[in-house]
Amino acid sequence: MIAAVSHLGTVLAAGDFTSPRVDYHALAPEIVLAAGICAVLLIDLFVGEGRRWITSTVAGFVLLGAVIPVFTLGVIGSDIRSMFDGRYVVDQFSLVLKALFLLVGYVVVLLSTNEIEEGGYYQGEYYVLLLSSVLGMVMMSSARDLVSIFVALEFLSIPAYMLAAWRKRDAKSNEAGVKYYLLGVFASAIMLYGMSLLYGITGTTKLTELGAKITATGHFRGAEALAVVFVLVGFAFKVSAVPFHTWAPDTYEGAPTPITAFLSVASKAAGFVALVTLIYVAFPQAKDVYQPFVWVISVASMTVGNLLALRQTNIVRMLAYSGISQAGFILMPLAVAGTGDSAESSLRAVVVYLIIYAAMNLGAFAVVIAVSRKTRSGEITSFGGLFSYAPGLGVLMTIFMASLAGIPPLGGWFAKFGAFKAVLEAGNGWGYSIAIIGAVNAVIATAYYITVMREIWMKPVPDGDITPIRTPGAVQAALVITAAATIVFGVLPGLVSRYGNLTDLTGAFGR
Amino acid sequence: MLVNNFLLLGAVLFCIGVYGVIARKNAVMVLMSIELILNSVNLNLLAFNQLWAKDNPGHVDGNTFALYIIAIAAAEVGVGLAMVLLIFRNRKSISLDELSEMKG
């Protein structure tokens, strides 16, 4: 025993281990979230059954509290805070996305409050898992290493699998959870195989070194192409791009609606953050592999998502396919991300699209939640005559649908404008062809968004029940936030394009 | 000993795992197939770590990565088995073919 201890002493003395410098200010959002998760867990333990709603309030405050250090970091300086040998980086790009994830989390808490309280679900655990998932996303935006990207991905996915299956005794919710889980784990296993090949080729897991070494031999070999494609497939699943989208409609329909909103916005955005980080930091030399791959899945997502959305009768399934098609539009600029001047405008287009898409899609789900509290139905026809008895919700849904369709002056048009501008700037056949396909799809998409508007404004109320809808305060707050964001980003696009202006991105990534 | 042998074994395990996920209809068998893929990844990482540590004895990146995968795979399978239990309680079956409540 003593010998063992003294041996340990010599090992420790001989090792040249120095503790890594930890920048607590830069890590403050993560620390606040982690402390908040513990707090919610303890509060849930000690308050009585009737007062469990406190957990929802606390979760909301934790998310808003975590936004404060993000803002102070953004205000204090534009210098890049790099930790752990450049494997965890807090720069402007990650700060913008951290703020997005935290605010999306807050809106989802607002949407959940009444739904979860009245549904008789386990409340404390629900918010613990929601906060854990948000923490994983916040980590994802700073991760610059294969290991931390993998850990962040699982951190955000595992709680999401459980949340999708949250209604324990409902067969649909079980099915939603199992489908999401099996396909999610399968995709991350394939991604890991790609990562192991990447590590084998380059001998490092740090993205910046990986990006420098991936073509050290001067030409691309089969193993490298396979590795890049496998890694991208893992995230294509996360963003529900065709042909990795099969889980999305079923999971969205079966999961509790606030979780559907969360998955369709935050989880998708986290997948895009990882895709962007990998494409810009690790694979800049691999553009001959990733550009055609992204081109194909982007075109497939837009087209297949749209065509299937056209024939949906359930509003949540329609929004699921619309989300697949929107993912195609967000992927569009990445298909030319390596071509000359369009690198920067592609990145800006993706970030801006993610912010605006979050606002308008969350808003649409907020209206769906508010309306289904009365109609108890998920059919598009249940929106019939909404304007006659709930004019506020009718107008808001029209705004969100018009924004998703990309009609000016709402946020959605600016997002699409940025995406088209980026692909046209590439100035080659790939860019022009995807722009044409995208334009055709934008027109097709308008059709199913207008179907919803027609129900709201022109159709009679299906069951003649015109008692007004009583929207809870929390959902009203969520509607105000998302509607304000959707309109403001459309009228004053400079507000959001400034955040996408990441000229020092390559510097920010430490290259 | 050549590192190729381990990589070949890893590739074979990976293919068996992918085949299992696609072909099996039993939820537990699918979970086991996913475990096979994850283990092929671990095998790859450890083999590559040996390769890169030859010139640089302090190199443990691959070994560390494998440890993370083992830990997280355990958490993942925990959740997966809980879900399989859930569908078994509600349906008295864990066949994935019968999970077709929603269509379209």
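Mentor: The bend at a residue is the angle between two axes, one fitted to the seven residues ending there and one to the seven starting there. Keep in mind that this is a predicted model.

Trainee: On which residue is the kink in helix 4 of chain A centred?

Mentor: Start with the span. Helix 4 of chain A has 27 residues and reaches 40 Å from its first C-alpha to its last, close to the 39 Å expected at 1.5 Å a residue. There is still a kink of about 40° in this helix.

Trainee: How many residues of helix 4 of chain A are buried?

Mentor: A residue is buried if 20 or more other C-beta atoms lie within 10 Å of its own. By that test helix 4 of chain A is mostly covered. Of its 27 residues, the number buried is 25.

Trainee: What is the radius of gyration of chain A?

Mentor: The secondary structure of chain A comes to 21 helices and two strands. For its 511 residues the globule rule gives 24 Å. The model comes close to that, so chain A is as compact as a globular protein of that length. Its radius of gyration is 23 Å.

Trainee: Which elements of chain A do the buried residues of helix 3 pack against?

Mentor: Helix 3 of chain A covers residues 53–76 and reaches 36 Å, close to the expected 34 Å. Its buried residues include A:Val58, A:Val62, A:Leu63 and A:Leu73. The buried residues of this helix pack against helix 2, strand 2, helix 4 and helix 5 of chain A.

Trainee: Which helix of chain A supplies the largest share of the side that touches chain B?

Mentor: In this interface 36 residues of chain A are in contact with 31 residues of chain B. Helices 6, 7 and 10 of chain A each supply at least two residues of the side that touches chain B. The largest share is 17 residues, and it comes from helix 7.

Trainee: How many residues of the side of chain A that touches chain B are nonpolar?

Mentor: Sort the residues on that side by type. Nine are polar and nine are charged. The nonpolar residues number 18.

Trainee: What arc do the buried residues of helix 1 of chain B cover?

Mentor: These residues are B:Leu7, B:Gly10, B:Leu13, B:Phe14, B:Gly17 and B:Val21. They lie on the same side of helix 1 of chain B, because their arc around the axis is only 120°.

Trainee: What covers the buried residues of helix 1 of chain B?

Mentor: Look at the opposite face too. Turned away from the buried side are exposed residues, among them B:Asn4, B:Leu8 and B:Tyr19. The cover of the buried residues includes helix 2 of chain B and helix 7 of chain A.

Trainee: Is B:Leu7 buried or exposed?

Mentor: B:Leu7 sits in helix 1 of chain B. Beyond its neighbours within four places in sequence, it is in contact with B:Asn44 and B:Ala47. It has 20 C-beta neighbours inside 10 Å, so B:Leu7 counts as buried.

Methods. Residues numbered from 1 in each chain as written. Chains lettered and ligands numbered in written order. Predicted model: local features only at pLDDT ≥ 70, side-chain atom pairs only at ≥ 80, totals over all residues. Helix = DSSP H or I, 4+ residues; strand = E, 2+ residues; numbered from the N terminus. Rg over C-alpha atoms; globule rule 2.2 N^0.38 Å. Expected span 1.5 Å × (residues − 1). Buried ≥ 20, exposed ≤ 12 C-beta atoms within 10 Å, placed from the backbone. Contact = placed C-beta atoms within 7 Å. Nonpolar A, V, L, I, M, F, W, Y, C, P; charged D, E, K, R; others polar. Arc of directions from axis to C-beta.
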